[in-house]
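Here are my notes on the model, as numbered points. Please read them with the coordinates open.

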Amino acid sequence: MDTSEHRLRGKAAVWAGVRGRCPNCGEGRLFSGWLKVEARCAACDFPLREIETGDGAATFIMQITGATVGMAAVAFNLAYRPPLWLNLVIWVPLVILVAGGLMRPGKGLMTALNMLRTRKDP
């Protein structure tokens, strides 16, 4: 299929990226590994690896995770005054889970937004 035949636009492209699908057609896989982007979409042959995202997704995810988990930790400590070991047992795994869970959708979102910004629509 030619990449110009079936192009997603706006919210549909962004939602496809968040779900880990090709933001151009919404059908092919966006990732070949945990965060490694496919070279080309298997469905529409769009060059996915040419979309540059840099570290944007990781930066936003660190800020979101730090703010939400950090504020929860402060509130928990003010309310219950737990020992240090309990803080480490609760908050370190939670930071890893939240950041890990948001990283792939965040990278898909950044990929879709950059594709929409740089793609030449007819």
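1. The sulfur of Cys 22 has its closest cysteine sulfur in Cys 41, at 3.7 Å, which is too far for a bond. The cut-off for a disulfide is a pair of cysteine sulfur atoms within 2.5 Å. For Cys 41 the closest cysteine sulfur is in Cys 25, also at 3.7 Å and too far for a bond. The structure holds 0 disulfides.

2. This is a predicted model, in which local features need pLDDT of at least 70 and side-chain atom pairs count only at pLDDT 80 or more, while totals for chains, interfaces and linings use all residues. Residues are numbered from 1 along each chain as its sequence is written, and side-chain values use heavy atoms, with hydrogens and water left out.

3. Are Cys 22 and Cys 41 buried or exposed? Cys 22 is buried, at 0% relative accessibility, and Cys 41 is buried at 3%. Here buried means under 20% relative accessible area, exposed means over 50%, and partly exposed lies in between (1.4 Å probe, protein chains only).

4. Both cysteines are among the residues with the most contacts inside the largest nonpolar core, together with Cys 44, Phe 46 and Leu 48; this core has 14 residues. A nonpolar core is a set of buried Ala, Val, Leu, Ile, Met, Phe, Trp, Tyr and Cys residues joined through side-chain atoms within 4.5 Å. In soluble globular proteins, nonpolar side chains tend to be buried together.

5. Leaving aside neighbours within four places in sequence, Cys 22 is in contact (heavy atoms within 4.5 Å) with residues including Leu 8, Ala 16, Cys 41, Cys 44, Phe 46 and Leu 48. Its contacts also include Glu 27 and Arg 29.

6. Arg 119 lies in the segment after H3 and is buried, with a relative accessible area of 11%.

7. Helix H3 covers residues 84–118, and its 35 residues should span 51 Å at 1.5 Å a residue; the end C-alpha atoms are 48 Å apart, which agrees. The expected span is 1.5 Å times one less than the number of residues. Helices (H or I, at least four residues) are DSSP runs, numbered from the N terminus.

8. H3 bends by about 35° at Met 103, and a proline, Pro 105, follows within four residues. The bend is the angle between axes fitted to the seven residues ending at a position and the seven starting there.

9. Buried residues of H3 include Trp 91, Met 103, Gly 106, Met 110 and Met 115. Their cover includes helix H1 (10–18) and helix H2 (56–80). Asn 114, in H3, is buried at 13% relative accessible area and touches Ile 51, Glu 52 and Thr 53, not counting residues up to four places away in sequence.

10. Arg 117, also in H3, is exposed at 63% relative accessibility. Leu 88, in H3, is partly exposed at 48%. Leu 88 and Met 115 are 27 residues apart in sequence and 40 Å apart in space, C-alpha to C-alpha.

Note on methods:
Helix = DSSP H or I, 4+ residues; strand = E, 2+ residues; numbered from the N terminus.
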